[in-house]
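Hi there,

Here is the structure I promised to pass on to you. Have a look at it first, and then read my notes below.

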There are 2 protein chains.
Amino acid sequence: MPRRSLTRRVTVRDVAALAGVSQPTVSLVLGNHPRARVAAETRERVVRAAEELGYRPNVIARGLARRRSYALGLIVPDLRNPFYTDVVAGAERVVAQEGYAVLLCDASEVTPHRHLETLRERQVDGVILDAVGAAALGDAALEGLNVVLVDEPSERWPGVASDAPGAGRMAAEHLIGLGHRRLAYMGPAVDAWGFRMRERGFVQAMRAAGLDLDSDRLRRAPATVAGGIAAMRALLVLSARPTAVFCGNDLMAVGALKACAAAGVSVPGDMSVIGCDDIELATLVTPELTTVAVPARELGARAARMLVRRLAGDAPDGRGAAAPARPLPVTLVTRGTTGPAAARPAAPHGEG
Amino acid sequence: MPRRSLTRRVTVRDVAALAGVSQPTVSLVLGNHPRARVAAETRERVVRAAEELGYRPNVIARGLARRRSYALGLIVPDLRNPFYTDVVAGAERVVAQEGYAVLLCDASEVTPHRHLETLRERQVDGVILDAVGAAALGDAALEGLNVVLVDEPSERWPGVASDAPGAGRMAAEHLIGLGHRRLAYMGPAVDAWGFRMRERGFVQAMRAAGLDLDSDRLRRAPATVAGGIAAMRALLVLSARPTAVFCGNDLMAVGALKACAAAGVSVPGDMSVIGCDDIELATLVTPELTTVAVPARELGARAARMLVRRLAGDAPDGRGAAAPARPLPVTLVTRGTTGPAAARPAAPHGEG
DNA sequence: TTGTAAGCGTTATCAT
DNA sequence: ATGATAACGCTTACAA
């Protein structure tokens with residue numbers, strides 16, 4: 001076999017030589033150009049030569065010449081949150097099909113700014129930002145990049161979003177429908193559109209039902225399990241303890257559950273808990289978590305498709321969100337952590 | 001401000017022009033070459049010019065010239081398993097510090113072969129393979145690549161591994177120490193070193209204690225929650241039902257827990273369950289999962305360091321595992337899902 | 001110490 | 001239909 005693995009890399013030149021054609025001809029044939037006008041017989045020879053030599057195009061070189069890297073950046077808030085790995089999976093698949101590579105960036109390890117910097121240096125053709133606060137990034141950070149936003153609508157950049165206000169509304173209506181009147185919300189302080197809207201939708205639906213969200217019952221904490229634990233602990237010691245709580249995401253909700261268990265508060269007997277996202281974990285806790293399902297994969301896939309399409313359409317720096325795609329619907333998933341409000345609200349437990 | 005964002009990209013040439021020096025000089029200064037011999041005053045001018053123009057090096061072009069891409073591939077079995085996202089996080093941090101980018105590949109979405117192909121085309125400087133069965137990949141797939149293996153020791157490639165046999169042994173000893181005699185194991189059928197060794201260590205420790213692993217009590221299923229559910233279901237209907245089971249990883253263990261709950265089998269009362277990995281999820285189920293902790297981040301970090309070092313050392317295709325680093329220690333984490341064996345083994349439950 | 005020239009592997013624009 | 005030739009942006013001898 002004519003493997004020349006340890007020697008020099010095989011280039012178009014080698015292929016050209018073997019096929020007995022000029023080097024650019026090879027490029028024409030192998031560049032899978034749709035309508036490359038080259039004689040069938042020539043093409044045949046080239047292809048065969050390439051195969052025989054085990055030729056692999058050098059994407060780097062191609063990128064340099066075409067002034068495209070065929071690489072995309074994808075920045076997510078935290079890969080340890082399964083929700084985002086789902087978004088990634090959705091995007092990755094689409095993007096791979098189109099021949100792009102993905103530079104995955106975890107904003108919890110390195111700041112978005114630094115990531116953007118790196119991505120720029122690597123000449124990415126575009127960037128998907130998922131809930132990393134694009135607005136707060138400053139215009140310069142995104143200047144000249146092809147950007148698509150996930151879950152942070154903007155006038156400036158196109159993107160896709162889930163129906164976050166709807167999620168909050170659904171949570172509230174579900175709880176209120178169960179007879180709860182003293183509701184609470186926990187979510188992160190970060191200025192992320194998704195969380196803000198979930199909260200807003202929740203509050204609005206409460207208002208619509210004539211209920212108020214006392215400031216004591218609005219807890220700010222990181223959108224993690226630990227944050228959920230902390231927030232729930234704070235809620236549990238309130239003199240007017242809520243009977244139900246909506247958590248900004250499932251991770252927090254699971255933390256809330258843990259805190260209840262630790263405090264001997266029964267769920268959903270004494271406390272109803274509802275999350276948001278519907279990650280796999282939601283079905284792994286006991287009781288299983290009631291939550292509002294957000295289509296993570298779909299979010300990722302759509303964003304990717306949108307970006308890829310834009311790149312193909314040669315809109316190098318196209319401003320403005322095109323057709324402001326309407327939000328992806330979310331759905332209530334009733335499971336075991338929400339139940340009817342007790343006849344009379346439970347008083348704070350004594351210790352023991 | 002002299003921002004020329006929408007115009008042509010800023011290149012070394014522009015910087016050279018503004019600084020009034022030749023283009024290679026700029027390259028010399030900005031290429032952060034350790035001992036680049038260039039007049040302090042010149043360097044100063046260049047740096048200032050670069051800053052003023054907002055110059056950003058084009059990593060692609062640099063790669064082409066240096067015949068290096070400063071990109072690494074990282075292939076993991078499944079990003080939905082938090083264990084692997086931890087490995088990724090560990091690697092990512094190290095690698096980012098060294099100025100490399102990571103092309104993340106999920107072997108559950110696309111075959112390792114295709115990933116390798118893509119990575120080759122992108123001229124990655126090296127690849128980290130985590131438990132994707134490098135041995136079974138065939139020599140050609142890895143030929144000419146700089147490879148580091150995680151959790152699959154090989155004569156051919158260097159790598160790092162955890163003490164998988166030790167994990168199995170610890171699990172067995174823990175269970176046996178609690179008085180269990182009828183043990184079971186569940187793990188995937190895939191030919192992955194880690195799982196094989198966990199199993200082997202488990203079985204050996206049983207033998208050492210004069211116990212046998214009946215084939216009925218050796219269940220093969222995917223290393224997922226669903227797999228764990230299926231495997232546990234099968235165990236529960238055995239006439240000689242085990243009193244304790246070691247699960248190949250935590251995901252399976254959680255599945256096992258769910259299956260027990262669904263069947264009304266109390267854990268650890270009627271069944272002890274021990275997992276392996278110690279992912280965050282282990283502390284989120286009730287009762288919390290007893291497991292053997294494997295240092296995921298550390299595995300990723302070490303592999304990355306190993307690879308980066310090799311690349312720096314200019315060992316383009318260095319064969320052979322260097323110092324066959326000894327395995328990273330694992331530790332038993334006793335939590336709530338294991339307990340003493342019941343005085344007399346529980347008979348299979350009737351229905352009701 | 002600095003500039004000149006050549007080249008990295010491709011693609012693109014011309015003539016032919 | 002094909003083949004020279006010139007980029008792409010940067011690095012790296014080697015010459016000045």
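**The surface near DNA strand C**

In this predicted model, α2 (23–30) and α4 (59–66) of chain A, along with α2 (23–30) and α4 (59–66) of chain B, each supply at least two residues of the surface near DNA strand C. Near means that a residue's C-beta atom, placed from the backbone, lies within 6 Å of the strand; helices (H or I, at least four residues) and strands (E, at least two) are DSSP runs, numbered from the N terminus. With five residues, α4(A) gives the most to this surface. Of the 25 residues around DNA strand C, those that come nearest are A:Pro24, A:Ser27, A:Ala61, A:Ala65 and B:Ser22.

A word on conventions: residues are numbered from 1 along each chain as its sequence is written, while chains are lettered from A and ligands numbered from 1 in the order in which they are written. As the model is predicted, local features need pLDDT of at least 70 and side-chain atom pairs count only at pLDDT 80 or more, whereas totals for chains, interfaces and linings use all residues.

**Where the two chains meet**

Chain B has 43 residues in contact with 43 residues of chain A (C-beta atoms, placed from the backbone, within 7 Å). On the chain B side, α4, α5 (82–97), β2 (101–106), α6 (112–121) and α11 (250–263) each give two or more residues. The largest share, seven residues, comes from α5(B).

**Inside chain B**

Strand β1 (residues 71–76) of chain B is mostly covered, with six of its six residues buried.

Among the buried ones are B:Ile229, B:Met232 and B:Leu236. Their cover includes β6 (183–187), β7 (218–220), β8 (244–247) and α11 of chain B.

Enjoy exploring!

Terms used:
Contact = placed C-beta atoms within 7 Å. Buried ≥ 20, exposed ≤ 12 C-beta atoms within 10 Å, placed from the backbone.
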